[in-house]
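Today I am opening a new structure and jotting down what I look up as I go. Come along and check each entry against the picture.

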Amino acid sequence: MTNQTNNINQTNNINNINHTNHINHINQTNHTNHINHINKTAIITGASRGIGAAIAKKLASCGYNLSLCCRNSSDRLKALADELHCAYGIEVLCYTGNVGDFFFAKDMVTNTISHFGHIDVLINNAGISHIGLLSDMTPEEWNNIVAINLTGVFNFTKLVIPYMVADKCGRILQISSVWGNVGASCEVAYSACKGGINAFTKALGKELAPSHIPVNAIACGVIDTDMNRCFDETERAELADEIPAGRFATACEVADMAYSVITAPDYLTGQIITFDGGWI
């Protein structure tokens with residue numbers, strides 16, 4: 001809780017710095033875009049790097065205020081918050097904790113509502129991988145990956161739903177994986193979590209459709225992020241050759257896709273959108 005409080009205080013300091021310049025920056029931006037997005041707020045989990053950071057940059061560039069979290073990389077997340085505030089004049093709240101901890105998630109959502117008044121978008125992105133034989137996996141390792149990859153999605157989604165239902169609007173997007181569609185040898189736990197996310201998304205999409213709250217997921221293929229830097233150059237080249245597009249996707253491309261999904265008509269819901277360059 002001390003780290004979270006420090007991060008909130010640091011973010012408040014960011015928002016109070018050079019208020020005049022902040023106003024001038026807003027006035028110099030495209031006025032129509034500013035009006036369209038001035039009240040939008042998004043929560044992004046796992047936002048200190050990779051896909052989460054890329055989505056944060058994309059939404060900030062479109063005028064969204066942000067509430068971001070990470071598990072360990074507080075300094076990196078704070079640097080990202082500073083960068084986005086200076087570049088786009090938006091407000092950023094930062095939190096450090098385990099998304100699998102319901103009370104951490106509850107504090108983050110409650111504070112976001114208290115600060116911004118509403119939550120328009122939830123991006124469930126936080127996740128970790130585990131490579132190895134299932135027979136070698138410990139119960140502690142299993143519980144850890146399930147808590148972060150799957151329970152974290154439950155925690156944040158459960159907590160934002162009442163606010164979105166009250167407002168009769170909102171968007172929920174999960175960052176999933178093609179391994180949730182087909183499974184991967186030596187990544188059984190990861191595949192199980194992503195498969196669970198996909199089923200969660202399809203079911204919740206039906207549940208929230210009457211409230212006009214779309215719920216979708218992007219099933220990513222190979223994305224050029226730290227999670228896939230375990231491969232050496234030869235392995236990377238061989239893997240790229242298996243992909244019809246001939247390359248890994250960038251985190252920015254996933255961010256562009258995420259923005260397309262959360263701005264699509266709300267009739268698009270309960271869908272697992274594969275984004276893999278034709279790989280699977």
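Entry 1: I started at Cys-186, which is partly exposed with a relative accessible area of 29%. My cut-offs are these: buried means under 20% relative accessible area, exposed means over 50%, and partly exposed is in between (1.4 Å probe, protein chains only). Cys-186 sits in the loop between helix H8 (179-182) and helix H9 (188-208). Helices (H or I, at least four residues) and strands (E, at least two) are DSSP runs, numbered from the N terminus. I looked up the phi of Cys-186 and found a positive value near 70 degrees, in a residue other than glycine. Most residues other than glycine have a negative phi. His-212 also has a positive phi, of about 60 degrees, although it is not a glycine. I found His-212 in the loop between H9 and S6, and at 47% relative accessibility it counts as partly exposed.

**Entry 2: what I am looking at.** This is a predicted model, in which local features need pLDDT of at least 70 and side-chain atom pairs count only at pLDDT 80 or more, while totals for chains, interfaces and linings use all residues. Residues are numbered from 1 along each chain as its sequence is written, and side-chain values use heavy atoms, with hydrogens and water left out.

**Entry 3: the whole chain.** I noted eleven helices and seven strands. Of the 280 residues, 47% count as buried.

**Entry 4: the cores.** Which residues touch the most other members of the largest nonpolar core? They are Ile-44, Ile-55, Leu-59, Tyr-64, Leu-66 and Leu-68, out of 38 residues in that core. Another core lies apart from it, with 25 residues, among them Ile-113, Ile-148, Val-160 and Ile-213. By nonpolar core I mean a set of buried Ala, Val, Leu, Ile, Met, Phe, Trp, Tyr and Cys residues joined through side-chain atoms within 4.5 Å.

**Entry 5: salt bridges.** I searched the whole structure and got five salt bridges. The term stands for a side-chain nitrogen of Lys or Arg within 4 Å of a carboxyl oxygen of Asp or Glu.

- Asp-256 and Lys-58 meet through their side chains at 3.3 Å, N to O. This pair links distant parts of the chain, with Asp-256 in helix H11 (residues 251-262) and Lys-58 in helix H4 (residues 50-61), 198 residues apart. Asp-256 is partly exposed at 39%, and Lys-58 is partly exposed at 25%.
- Asp-82 pairs with Lys-78, the closest N and O atoms being 3.2 Å apart. Both lie in helix H5 (residues 74-88), four residues apart, about one turn of the helix. In an α-helix there are 3.6 residues a turn, so residues three or four places apart point the same way.
- Asp-224 and Arg-236 meet at 3.1 Å, N to O. Asp-224 is in the loop between strand S6 (215-220) and helix H10 (233-242), and Arg-236 is in helix H10, twelve residues apart. Asp-224 is partly exposed at 30%, whereas Arg-236 is buried at 18%.

**Entry 6: back to H11.** Where do the buried residues of H11 sit around its axis? I listed Ala-251, Val-254, Ala-255, Ala-258, Tyr-259, Val-261 and Ile-262 as the buried ones.
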